[in-house]
Amino acid sequence: MTTKLSLATFSSAIGPLVVAVGPEGLVRLDLKGDRAQVEHDLARRFEGCELREARDPGGAVAALRRYFAGELEALDALPVDPGGTEFQRLVWLTLRQIPAGTTWSYAQLAGAVNRPKAVRAVGATNGRNPLPLVLPCHRVIGSDGSLV
């Protein structure tokens, strides 16, 4: 069965964004507006997928617009399907537990996924987040408070 994915490119407060939504929710958000890269990534993950243009796939565009208008919780209810390994999904979905306006260290995040010695693996996974903002990787910082 062919996976059907809906795509939208739109202007935001930080520039053009590309979103892709599949049957289970948001599968990709590109903050650079690089549609070709998104299509490449989707073809790798969903071999033989069918891509179609949509105005507001899965309500993601509207939620992102509300987020940029100051409604920081607007992205919390969006269904997501980030893919990845079991460990990556665990880390990425745990990011949603970090409340807006707060930060966690990589050590805290590693502890939250019951892998306290896996700080580097958690950091590497955080850096591969396919859904930035929605899975708020920007809320994770170094133990000394620095951006790493």
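1. Leu-133 sits in the loop between H5 and strand S6 (140-141); helices (H or I, at least four residues) and strands (E, at least two) are DSSP runs, numbered from the N terminus. Its phi is near 75 degrees, a positive value in a residue other than glycine. Leu-133 is buried, with a relative accessible area of 14%; buried means under 20% relative accessible area, exposed over 50%, and partly exposed in between (1.4 Å probe, protein chains only).

2. Please keep in mind that this is a predicted model, in which local features need pLDDT of at least 70, side-chain atom pairs count only at pLDDT 80 or more, and totals for chains, interfaces and linings use all residues. Residues are numbered from 1 along each chain as its sequence is written, and side-chain values use heavy atoms, with hydrogens and water left out.

3. Asn-114 also deserves a look: its phi is positive, about 60 degrees, although it is not a glycine. Asn-114 belongs to the loop between H4 and helix H5 (119-127), and it is exposed, with a relative accessible area of 66%. Most residues other than glycine have a negative phi.

4. What does Val-134 touch, leaving aside its neighbours within four places in sequence? Its contacts (heavy atoms within 4.5 Å) are Leu-26, Leu-29, Leu-75, Leu-78, Val-80 and Arg-96.

5. Glu-53 is part of strand S4 (residues 50-53). Its side chain and that of Arg-35 are joined by a polar contact of 2.8 Å (a pair of N or O atoms within 3.5 Å; within protein, one must be able to donate a hydrogen and the other to accept it, and residues adjacent in sequence count only if both atoms are side-chain atoms). Not counting residues up to four places away in sequence, Glu-53 also touches Leu-7, Ala-8 and Thr-9.
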